Amino acid sequence: MPDIKIIRAAFREIQKLPPADLQRIYQILHRLSLGDERQTKALKGVSNLLRTRLGKWRVIWQRQDQNNIVVIKAGLRGGVYDDAFDSRDRTQPQIIEELLHPQGTILAENPSYQWNHEQDNDWYRFVYGSYRYSPILTEYQRNILDEPLKALCSQYPSSTVHQFEDSSCVVIQSAPGTGKTVCATLFACEVHRNYGWNTMLIVPEALRRDIAEFSEVKQVIEQENFWLGTFPQWLGEINPDFDSRLASPQQELEALRQALKFTRQSDITTNDVLLYQAFVLDEEKRLQDKNVMFQVNSHRVNNLLRINKKHFYKALSCRICRLDAAKILQSKLNQIPSSSDCTLLIIDEAQDYLLSELQAIISVCKAWSEQGHKTYLWLLGDLNQRIQTTDFNWGQLQIKHSIELVRNYRNSQQILEFANQFWHVAQSITAKNKCKELPLPANPQYAFENGESVKLLELDSQASAMLFLEQLAGECSKEENRRYLLRDLAKAIKVLSKTSLDTRENLVILNPENAKGREFESCVAFCLFAGDTAPSLEESFQWYTLLTRAQSRLLVVATTAEINRLKDNGYDFFKKCDRINAHDAIKWITEVVSDTDLNQITDDVQQRLLKRCETGFLYWDTYLALQFAGVENTNLYKWETQAISLLKQHSLKHLQYELQQTQNIHLRCLLLRAMEHSWEAVAEASLLKNSDTREYEHLLKAIAKDLEAKGMPYEAARVRGHIANGNYKQNFPFWQEVSSQSTPNISLVNLLCQSFNSRINKLIKNQDDNQ
C-alpha cells in the first residue's frame, strides 16, 4: 500500500477547512492509501500529476514512486486548478508550474510529513496536533546526512581499543530553520534501528516533550539502548552521585541571592548565576579577554567578584552547581551507558551550555573510548541564538570536523531579511569588543519561499499596545471557533515577548527560552524593543531568536518610543516593513492557522474545558484534549465529576439538545450521566464493548462510581457486572456469605452489595488471567 506524504503548503489549506470538509479530505486520502484511485484524473501533457475528487472536494497529488504519494493541494473545488485538469485548453502554464513547483521549489525540497492511516487513525488529531511530528527529510538534508552515516557505519567496532579522534566529534553550527534538531533526531533513530547502537539525545526540557512525540522516536523510545532526556537527567544516568544532589537553576539563583545579602549590591538574575560560575568560580576564564560574553558583561562580573564563594556554597547546602558538576564529570570514572558496542551522543542547543560542561562531555566520551567503547559525539547549536550568558565559542572546543546545513525550511525570505538585521547588531557589538566573529546567519537566498512582507503596527504608547492585544484575544474567542478545542488552540495567536504578559485564553505568550527550537506559521512580535539604552548583545540574540520563529507571517507591534530608540542608535530596521492599522493587522494575522502547540496541552486545558461546560455547550474534541494533556484514571474521573456538576446547572432540555448534536460516545455518556440516565449511559458505552474494551471498562467504572456516590451500591454493582461480559447470575445465593459477616451495624443491603462486588471482582480477575 502506498504511503501518503503531505507537503506543508497542503497542510496550510487543510487546516483552514471546517471539520466536515476535513473528514472528506480524509476519505480521499484513506482511499488512496489503500490503492483505490477511483475518480482520479491525470493532467494531460504533464508527467505524473493527478487529481482525485469526492463530490466537491479535491486532492492534487503526484506519484513519487510505487510506495509513495505526495499530496500537493487539498480542499474544495477550485476553478483554475480544476480547469487545468478538465479543460482542453492547456494555456495556463503558470498554474501547472505552481503545482509542479509549490513555493517555487521542486517537490523533493518541500517540507513534507508522513501520514500513516494505520498508525495515525485519528485524522483530526493528526491535522491539528501531530502532523509536525512525522517529518520527512528533504533530498538536501538526506544527502548531507548520508556522508556521516556511511562514515560511522564503516567504522563498526572491532576488538581493538578505539581512540576518540577528530572524526569522533562533530559540530553542527547552523542557522535557525535549517532543521538541525529534526535531522539529528531522525539520524539517531536510523542509527539505532539499523545498527543497534546505543543512542542518547540530550535536549532542553521543552524540546524533549516535542521530540518524544516524533513518530520515529515513538517506535524506538521503549527499546533497549535508546535514551532521550535533559542534561541533568543524563548526568544521573551515567553517574548516580548526581541523582538527588544537582541544584536546579532556581536553587542556584536563590543561593546566589542569599550570598548577595553579605554585600551592598542590588538583586541579580539567572544570567548573573551563569556569569558567576563561568568567570568567578572558574577563575581561569577571566584570563580569556577575547571572550565576548566576558567583555560585554565585564561590569557585571566585577560586581559578582564581590560575592564570597563560601557564602554561595553554604547557601547551596551540599547541592552541586553546574560548574562543579562539570568538574566531577571530568574527574570521576563514569559508567559506560550500555552493553552496546557503540554510543552516539547528541547534544542539542549546545550554545546554552557552559564551556566547562562541554569540555566535560568530551572528556567522558574520550574515557569511554579508552575503555574500548566506541563513542561518537554530535554538538548541535547556533551561537547567534545564545539566550544565556554562556562562555564559549566553537574554537575553544578544538573540534575540527563540522557539518553545516544552509537551506532554510522554516522562514520566508522576507522574514529572514528582517531578522538578520538584528544579527548585524550582535556582530557589531562583537567586533567593537575585538572578539571572534559570530557565525553567519541564514542566507535569505536559501529561504524556502519568498513569502509576504513583514507588517509593522506602530502605536503611540504601551497602553495602546496592550489594548490591541486585548482586541486580538477577543477576535480569536468568537463563538464560531469554540466547538473544537484543538482547532481553537491552533487558531490561538503566538505572541513573542521578552517580558511576561498576563495570560489570555486565546494567545500563547512565548519568551526567548520557551520559543527556542519551535516554529509557527504566524507570529506577533510584541513590544520587543522597549528600553532606554543602546541595544545590548543579549537583546540582539533574543531578537534574532524570537523573530525567526515565524514561518510565513510576522506582525511587529511596536510603540513610537521603541522605533525611536533603535533609530537614535543608528538602526532603521522598519523601512522595508509594510505599515498596517490595528483592524487590518488583526484580520491579517488571524487568517492563517499556526498549528496546535502540544506544549499548551497542560493543566490549564482542564480548566478551559470546565469553563466551556459552564456554558452548557461542549467541545466535541473534549476527550482528545484530555488525552493530550495526559489526564487519565483517577484524574480523569475527578475532571468528569466537576464537569457533570457544571452541566447539571442547565436544563434537561438543553442537555438533551447537546446529546443530539454529538455522536462521540464518551461525550454522550458524560451528558447522560449529567442527566442521571445511568442505564442509558451503560447502553451507550456498550457500543465500545467489542472495539475498545479498555475505554468500555473505564466508562462503566465511572458510571458505577457515580451510583456509589449517590448511595446506590447495588445499582453500582450491577453496572460493574457488565465488565465481566455479563457473566454473572441475576440471583446469587448470598445468604451463606452474609451470615458469616461479623461486623455489626451494617445493613443487609450493604452486605449484599459487598458480596456481589466481591464475586464480580473475582470474575473479572479470572477473565484477565485467562486472557
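Contact means heavy atoms within 4.5 Å. Helices (H or I, at least four residues) and strands (E, at least two) are DSSP runs, numbered from the N terminus. The model is predicted: local features need pLDDT of at least 70 and side-chain atom pairs count only at pLDDT 80 or more, while totals for chains, interfaces and linings use all residues. Residues are numbered from 1 along each chain as its sequence is written, and side-chain values use heavy atoms, with hydrogens and water left out.

Figure 1. Of the 771 residues in the protein, 55% are buried (under 20% relative accessible area; exposed is over 50% and partly exposed in between, with a 1.4 Å probe and protein chains only). Among contacts with a separation of 6 or more, 76% are between residues 24 or more positions apart.

Figure 2. Eleven of the twelve residues of H12 are buried, so the helix is largely enclosed by the rest of the structure. Among these buried residues are Asn-271, Asp-272, Tyr-276 and Phe-279. The buried residues of H12 pack against helices H11 (249-260), H13 (292-296), H14 (298-304), H15 (309-316), H16 (322-331) and H22 (537-547).

**Figure 3. The packing of helix H30 (residues 678-685) with helix H31 (residues 693-709).** The two helices pack at an angle of about 170°, and their axes are 9 Å apart (axes are lines fitted to C-alpha atoms, for helices over the stretch in contact, and angles run from 0 to 180 degrees between N-to-C directions). That makes H30 roughly antiparallel to H31 (angles over 145 degrees; under 35 count as roughly parallel, 65 to 115 as roughly perpendicular and the rest as oblique). Ser-678, Ala-681, Val-682 and Ala-685 of H30 make the contact with Tyr-696, Leu-699, Leu-700, Ile-703 and Leu-707 of H31. Eight residues of this contact are nonpolar, one is polar and none is charged (Ala, Val, Leu, Ile, Met, Phe, Trp, Tyr, Cys and Pro count as nonpolar, Asp, Glu, Lys and Arg as charged, and the others, Gly among them, as polar).

**Figure 4. Strand E5 (residues 68-76) between covered surroundings and paired strands.** Eight of the nine residues of E5 are buried. Strand E1 (residues 3-7) pairs with E5 in the parallel sense over four bridges (two strands pair if DSSP finds at least two bridges between them), and Lys-5 stands opposite Val-70 in E5. Strand E4 (residues 57-65) pairs with E5 in the antiparallel sense over eight bridges, with Arg-63 opposite Ile-69 in E5. Two residues lie between E4 and E5, which form a hairpin.

**Figure 5. An open sheet of six strands with parallel pairing.** The strand order is E16-E15-E17-E18-E14-E19. Strands E16 (507-510) and E19 (578-579) stand at the edges with a single partner strand each, so one side of each has no neighbour in the sheet. Strand E14 (residues 455-459) and E19 pair over two bridges, and Leu-456 stands opposite Arg-579 in E19. Helix H23 (residues 560-568) packs on the sheet, touching E14 and strand E18 (550-559), and its direction makes about 95° with that of E18.
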